[in-house]
Amino acid sequence: MTKRLQAQRLNGIDHNPWVEFVKLASEHDVVNLGQGFPDFAPPDFAMEAFQRAVSGDFMLNQYTKAFVIIIEPAFDCYEPMTLMAGGRPVFVSLKPSPIQDGELDSSSNWKLDPTELASKFTSRTKALVLNTPNNPLGKVFSREELELVASLCQQHDVVCITDEVYQWLVYDGHQHVSIASLPGMWERTLTIGSAGKTFSVTGWKVGWVLGPDNILKHLRTVHQNSVFHCPTQGQAAVAWSFEREQLYFGQPSSYFVQFPQAMQRSRDHMIHSLQSVGLKPVIPHGSYFLITDISDFKRTMPDLPGTADEPYDSRFVKWMIKNKGLVAIPVSIFYSKPHRKHFDHYIRFCFVKDESTLHAMDEKLQKWKAELK
Amino acid sequence: MFLALGSGTRFLKTIYSSKILGFSTSAKMSLKFTNAKRIEGLDSNVWIEFTKLAADPSVVNLGQGLPDISPPIYVKEKLSKIAAIDSLNQYTRGFGHPSLVKALSCLYGKLYQNQIDPNKEILVTVGAYGSLFSAIQALIDKGDEVIIIVPFYDCYEPMVRMAGATPVFIPLRSSKPVDGKRWSSSDWTLDPHELESKFNSRTKAIILNTPHNPLGKVYTKEELQIIADLCIKYDTLCISDEVYEWLVYSGNKHFKIATFPGMWERTITIGSAGKTFSVTGWKIGWSIGPNHLIKHLQTIQQNTIYTCATPLQEALAQAFWIDIKRMDDPECYFNSLPKELEVKRDRMVCLLESVGLKAIVPDGGYFIIADVSLLDADLSDMKDNEPYDYKFVKWMTKNKKLSAIPVSAFCNSETKLQFEKFVRFCFIKKDSTLDAAEEIIRAWNMQKS
């Protein structure tokens, strides 16, 4: 065909980092701490619920031709989805304050500058995308931080799209706060949740959005003109799983209590192990992930193979996959192109993995450590 | 547009209510909270309206195309076993679970008589609906024209509009059946000159649906050749919705337009697990085509849902292998289901005719449409500003406890009048449902006499 085939809305969004890194991980003998999925069993009750559901009978948020504020580092799909809808992403970065020597950085140390944030809002700002707990950083936005975002949203009359898929995974006594619960926010907030992250069943692909009917009705219109339905069994199983959890809510046997406790231990295990080879973890207070500072490696091994313009962290990850048998994800993919060069010295690890995977990780790290001497 | 009148105005009332926020800039506020222009006018949906109506348990529902027959046992068993495997409850390959695309590649390789690359020439989507969405979003641009044949599965028009393109409609027209012969879906055809007149330099694609919903028409080789010739002459794409490909009745054959010379490179062919294995709730579909087209659908996929449900894809793959291995066997579901449905089709035709509804015998699919005007039902109670068939279905649901779908829901506003005498019935229903329908129809008959 001589005509241009693809629609203009695809311009610039055809490349996807996951496709690249998932493929690479499958081509080498690796311990995969890259893509965010649990490699242990989902809880029994969820599996049983799905079994029961078997005998029984897509979230698309589209933005208008307007500006959408995205807080970086951000889950990578926010930008292409905004572009595909004809919107213009406007980025504002979480920035770490300097830390003391010998101390570990923490996700709560990464903050938005209030003045800078306010400057990003204009009369054409339609929405702001929030992600708490944050992927990749693991930051859990505090009530005060959310109040700042909320007041700006109200002042400029902006819709808040809040991705809270990791809402049940918070550590060290931190509390997840839903911005929709703050005064003046319910009527302008869309809150997104995920069965995959709630019940460790990422393959079920059931998610949801909560919000006021006057905004949700437009999402329903898109829904009925795109996927129309979601798989029935998955939804039934999620419903039954939630019913089970409601009975145990707040009790020690609740999955929402046990799971974050277990993942906190995994997180601590990983933080301890990664330091042995000179990686510097940033302690996350929520989510599946932690990022580690690789500046020391950037100093000692600056010239790793890669394509022209490829950020350092991406080259480092590829080197690590091939030479050390560990998979992580370069954090620069969570930044907009112009900002990547400022944040090319971090890589993201997923610690929501089985004990055996973490032990395999330890073995690889021990070997690495031995090679450093 | 086939939209109900109420919802648009309701939306405006809600948005402009000053109760929502106490700001003095309420007019400015309301503009921000409005929907994106791409969904303007697309909010109403016939399924939502009629499913609600038929939800009354005392109604025999022959409306929405929902099989109430059991799916094959092995399909359910596979899913049950797979649900217990940990890794199959986590993310899989975004463009399609490896074992599923392999099975699809094998099956369709046989049907296309050509190798189909499982990774580059197949995309697994959330239902065939998701394939239609991805194909249209990927390949249709603002300002393009897309030819849609009327009647059409109702989502084609809003999806084309949502992409900013203009639908161009052409109706199937019927010759009157020869005396003594039953009215058949094959009597409905496209006028070749009229069809050609719809093509121009702005035409990006034509959407084809064979076997056809709601008519049940199975396009012949000759009819497809005419469409293919035009696609090649005007250099357009063809999006071919073939979800009912296995449901073809005696004396008919399903042809894939993508196998015609010059067509593979410009065609996306869509299939559905829901229709293939009677599992509409699984929402797994697929698009097959050349990589230079499929890669754009993959871009849409990676920027929308990213990946489809894993356990369902694995179960489907395993079910496919069972039937791929016995394609010549009458026990193969691809063979047994159409045989089972042909009996139900014939029963349905008789039932409808016994009460004075003039049925159009479908050559394929699991729907049958009938002309209800001869019944001359008293619809004076029904809302005035709706097409005849909408009123008839609502009257029939309320008074006869039998539901169906008005065929004008499958038409654009200009052609509604041509089809407003027709109502669509779904016959992929278990015998007890058809028995219940039969009882209603007998009683209806007695009332008339």
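Modeller: Some terms to begin with: two strands pair if DSSP finds at least two bridges between them, and helices (H or I, at least four residues) and strands (E, at least two) are DSSP runs numbered from the N terminus. This is a predicted model, where local features need pLDDT of at least 70 and side-chain atom pairs count only at pLDDT 80 or more, while totals for chains, interfaces and linings use all residues. Residues count from 1 along each chain as its sequence is written, chains are lettered from A and ligands numbered from 1 in the order written, and side-chain values use heavy atoms, with hydrogens and water left out.

Biologist: Which residue is the bridge partner of Ile147(B) in S4(B)?

Modeller: Ile147(B) points one way from S3(B) along with Glu145(B) and Ile149(B). S3 (residues 145-150) of chain B has six of its six residues buried (under 20% relative accessible area with a 1.4 Å probe, protein chains only; exposed is over 50%, partly exposed in between). Six bridges tie S3(B) to strand S4 (residues 166-171) of chain B, and the two run parallel. In S4(B), the partner of Ile147(B) is Val168(B).

Biologist: Over to chain A: which are the edge strands of the open sheet with five strands?

Modeller: The order is S5-S11-S12-S15-S14 in chain A, with mixed pairing. Inside that order, S12 (residues 289-293) and S15 (residues 346-350) of chain A run antiparallel, joined by five bridges, and Thr292(A) stands opposite Ile347(A). Pairing on one side only are the edge strands of chain A, S5 (105-106) and S14 (329-330).

Biologist: What angle does H11 of chain A make with S15(A)?

Modeller: H11 covers residues 312-324 and lies across S14 and S15 of chain A. Angles run from 0 to 180 degrees between N-to-C directions, using axes that are lines fitted to C-alpha atoms, for helices over the stretch in contact. Here the angle to S15(A) is about 50°.

Biologist: Within what arc do the buried residues of H12(A) fall?

Modeller: The buried residues are Thr357(A), Leu358(A), Met361(A), Asp362(A), Leu365(A) and Trp368(A), while Glu363(A), Gln366(A) and Lys367(A) are exposed on the face turned away from that buried side. An α-helix has 3.6 residues a turn, so residues three or four places apart point the same way. Taking directions from the helix axis to the C-beta atoms, the buried residues of H12(A) line one face, so they fall within an arc of 145°.

Biologist: Are H9(A) and H12(A) roughly parallel or roughly antiparallel to each other?

Modeller: Their axes come within 10 Å and cross at roughly 5°. The contact (heavy atoms within 4.5 Å) includes Ser266(A) and His269(A) of H9(A) and Leu358(A) and Met361(A) of H12(A). Angles under 35 degrees count as roughly parallel, over 145 as roughly antiparallel, 65 to 115 as roughly perpendicular and the rest as oblique. H9(A) and H12(A) are therefore roughly parallel.

Biologist: At what angle do H14 and H16 of chain B cross?

Modeller: H14 spans residues 388-400 and H16 spans residues 431-448, both in chain B. Phe392(B), Trp395(B), Met396(B) and Lys400(B) of H14(B) meet Ile440(B), Trp444(B) and Gln447(B) of H16(B). The two helices are therefore roughly perpendicular. Their axes come within 12 Å and cross at roughly 95°.
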